[in-house]
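Biologist: I would like to learn how to read strand pairing and salt bridges from a set of coordinates. Could we go through one case together?

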Amino acid sequence: MMRKLFLIVVLACTTQFVFSQDYTVTGKIQDKVTKEFLEAATIYAQTVKDSTLVSYTISEKKGDFELELQTPEKILNLFISYNGYKPITKKLSLTKSTIDLGTIEMEEQAEQLKGVDLVAEKIPIRVKKDTLEFNADSFSAKPDANLEDALKKLPGFEVDPDGTVKYNGKAISQILVNGKPFFGDDPKIATKNLPKDIIDKIQVTSTKTETEKFTGKEAESDDKTVNITIKKEKNKGYFGRATVGYGTDDKYQVNAIANYFRDKERFSFLAGKNNINNAGFSFDEVYDMIGNRRGGVSFGNNGFSIGDVSFGFGQGITTSTNAGANYTNEYKNKSEISADYFYGSSNSVNETKTSRENLLPDNRYYSNSSSKFTGGSDSHRASATYRFNIDSTFRVSIQPKYSYTKSDSKNISSEETTNLDGSLINKSDVQNNSFGDRNNFSNNLELIKKFGTDGQFVRVNFGNTNVKDEADSRYTSTVVQESGETTNINQNTDTHNKSDSYNVNVMYRRPIVKNLFVDGRYSYNTSKQQNTKNVYDFNDGSNAYDEFNTDLSSDFKFTSRESRPQLRASYEGEKYSFHLGMTYKTTELDNEDYLQNRDFSKKFNNGLVDANMRIKFSQSARLYLDYSADTNVPGLNQLQPIRDISDPLHTYVGNPDLNPEMRHDFRINYNDYDWKNRSGYFLYASASFVNDRIVNNTITDPDTFVRNTTYTNIDGNYNMYGGMNYSKQIKKDSTYTFRFRGNLGANYSHNVSLNNGEQFESRVVGITPGINLEYNYRELIDIDPGYRININRTKFSSDREDVNYINHNVQLRLTTYWPEFLVWGNDITYTYNGNVGANFDKSSVFWNMSLGVKMFKEQGTLKLTAYDLLNQNINTRRITNENYIQDTQSTVLQRYFMLSFTFKFNKFGGKMPNRRGGMRVMHF
């Protein structure tokens, strides 16, 4: 089969090369009356016969454009479009390789009269102020394509193997459907499940808060949002899919998602159950059923979440059940409602082995441990958002949210500590069983009032969060010292924790002159935490937990109050904008201890400055600079002068004299996209400096290696990182698309810490270059190779040996769609981790494969999936810092085979559009 496919590709490419010719069309676009040049006009060409898009471009700052064509056609339809102007259509005769159209003048669009026919072209791309809009039908994709497939075809977009969507190198922060969240905050649910053929427009715009949307205020964030608009004729109906699969080692997955649209109203439902660490409904048709696709060395955890409902406790293997529904509607009075409910249940298993070398100024010792964790949880979450307009200038928003989680877990671990010559110093065995209930309610009330049309408004926010935690745990441990002394602990602990926080935020904006504003802001936050922790030791005489342990128990009330008045000046022009703010932050902490009698009060005052600037060089090129400063107050456990002796080998005590950390952050971003060459780049750099950083100050006994830790402030910590992303697309008609993506990242950090009272410094330098290629031929074959290398150098101020290592990661994704009823996918990752110790595997090949057969008019897919085909998936990692070197290996999902069946269904009202695009006539 592969040989036949190769011959077809070669023959088709040869035929295209022989009969197609290259042409270049140039010109300049300007306003007919003012003679001003028009930047970001769309120029595109279509075939006369079937209106297939041949090529397009965007005019530059001075109105110049250059349209490159490769086509066997001799006559094309040429279109020129600019927002607010009458479109221009003309026949283009390709009689010579270079065609100069000279200066083309455009007239402003007059208002359409009733009864006048308007011809609406399928403009492939349009620039509307700060919004870039793509016409989905202008970009071809395979027949059963979803939103993710469509985004891959658009210039400037990238989709990483994990599903992360990027535009010009920067990750998209949210994806909306008709201006509303699709299903919670996970963009992958939309990208993996929305069919391309229902999508009308794909819009890219700056991410705005609800206040910025309602008042017209410029977006302060440099993040991007993608909004998907649904075709009118497809905005009434339903679509969805359901999958069932079963495999070796009793692996299984069942999931379904369904969506109902009716104009502004939308209802979505999802449900699933599996034991392969998979969210189920957020993976694509080819590589579905393969759980967490990160093969080789895993540096993250395998848990996942939907909104606020989490599945799994971290790494390991999770069996999960989930169900949820979302309802969204917008009414005639412009009020909006969105409500959702999620249920999640999970059970996780994880076994971990850890080897750790502990470093002291004049000594070192070793710790080897193993643990087994099992845990389960049941979670419910319900939330709603209701926005309604009192009138066109006054909006009220209410956002309540409630969640309940019940969990239980069991952790059994053992550890041995040895000195340099391998002699045993101590060993311990620990078992901890815990049960917990958590109730969390929050609400936010927002009032926005606009005054006039010059940007003046006032906004008031009231918020509350009320949390109640109940926990019960049983802890047993046995510690044996070198001398033979044995310490046994058998305790039962019940904890009651209640936390109530309230906040109010007020903002008033007043214009001074055109585009110049003064913002007055004030925020006040107060929180009260009431904690009761009762620890009871086991009494052998009564055979019950009835001996109250005063030293480990607690009963306190902790209150925090924060006040932030701010004055800010903002200039928001067409090409330039800046913000400069000054804040005076006051933080008060009070602790009333009813058991240990360790009351304390703290008050911190800090003046803070923040500033940012945005420069718009053109419609595609922007520079963003930002500076911010803030403080991080110590946590209660870091301040309380109460010794925690629950672990005999490592005790902790707080330091009430701690100062808050002061953090200074600098950022700079620059991005640009060249529409002529279909190439773009994103440059970024950041630096963070922390004064009075709160660090552990641990003193280790030189004989027993028992550790005692307190906290202190230290200066000199900072880190910097930067890099660039570059992408280029080459597209030849509908024959093939080639993309190149290159990236280079670099980081430098200076870390200061304490060990046995002595100050240690480390300097870390990391460089990570990478390259990714994507090749698609006529929607028959996708070839996506990639390579990334990480070079790391760590130098220590002490006599410690420097740490140098190199990691390699090679990926290849090969997908074929020929013959048309067969889909074959291969996802191969080779990983080499030069950072782990000699006792752990350094390299692995992680290969996932799927073979799918389409049936029932492509509504059904029968698929065989092989996960970790070579059975080499591993989960090892190394952590290196000034005080220790630690290697860890944990449970990971390994090879299985699964047979699954997926059925897709849809029904839409209205007349189906012409799938080939082109023009249509609309009557007014």
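Modeller: Start with a definition: a salt bridge is a side-chain nitrogen of Lys or Arg within 4 Å of a carboxyl oxygen of Asp or Glu. The model here is predicted. In it, the side chains of glutamate 572 and arginine 509 meet in a salt bridge, at 3.2 Å from N to O. Glutamate 572 belongs to strand E31 (residues 554-572) and arginine 509 to strand E28 (residues 486-513), so this pair ties together parts that are 63 residues apart in sequence.

Biologist: Is glutamate 572 buried or exposed, and is arginine 509 buried or exposed?

Modeller: The cut-off for buried is under 20% relative accessible area. Glutamate 572 has 11% relative accessibility, so glutamate 572 counts as buried. Arginine 509 has a relative accessible area of 1% and is therefore buried.

Biologist: How many salt bridges does a search of the whole structure find?

Modeller: The search finds 50 salt bridges. One of them joins arginine 521 to glutamate 220, with the closest N and O atoms 3.3 Å apart. Arginine 521 is in strand E29 (residues 516-539), while glutamate 220 is in the loop between helix H4 (210-215) and strand E16 (224-230), so the pair ties together parts that are 301 residues apart in sequence. Arginine 521 counts as partly exposed because its relative accessibility is 23%. Glutamate 220 has a relative accessible area of 18%, so glutamate 220 is buried.

Biologist: Which residue forms a salt bridge with glutamate 774?

Modeller: Arginine 741 does, and the closest N and O atoms of the pair are 3.3 Å apart. This pair links distant parts of the chain: glutamate 774 is in strand E43 (residues 758-777) and arginine 741 in strand E42 (residues 736-755), 33 residues apart. Glutamate 774 is buried, with a relative accessible area of 15%, and arginine 741 is buried at 9%. Elsewhere, salt bridges that share partners join residues into one network, including Glu220, Arg509, Arg521 and Glu572.

Biologist: Now the strands. How do the strands of a sheet pair?

Modeller: They pair through backbone hydrogen bonds, and the sense is either parallel or antiparallel. For a case here, 3 strands form an open sheet in the order E4-E1-E7, with mixed pairing. Strand E4 (64-71) and strand E7 (98-106) are the edge strands, each pairing on one side only. From one strand to the next the twist averages 25°.

Biologist: In which sense do E1 and E7 pair?

Modeller: Strand E1 (residues 21-31) pairs with E7 in the parallel sense, over 7 bridges.

Biologist: What joins strand E22 to strand E23?

Modeller: Strand E22 (residues 317-330) and strand E23 (residues 336-359) run antiparallel and are joined by 14 bridges. Threonine 321 stands opposite serine 345 in E23. E22 and E23 form a hairpin with 5 residues between them, and lysine 334 in the turn has a positive phi of about 70°.

Terms used: Residues are numbered from 1 along each chain as its sequence is written. This is a predicted model: local features need pLDDT of at least 70, side-chain atom pairs count only at pLDDT 80 or more; totals for chains, interfaces and linings use all residues. Side-chain values use heavy atoms; hydrogens and water are left out. Two strands pair if DSSP finds at least two bridges between them. Helices (H or I, at least four residues) and strands (E, at least two) are DSSP runs, numbered from the N terminus. Axes are lines fitted to C-alpha atoms, for helices over the stretch in contact, and angles run from 0 to 180 degrees between N-to-C directions. Buried means under 20% relative accessible area, exposed over 50%, partly exposed in between (1.4 Å probe, protein chains only).
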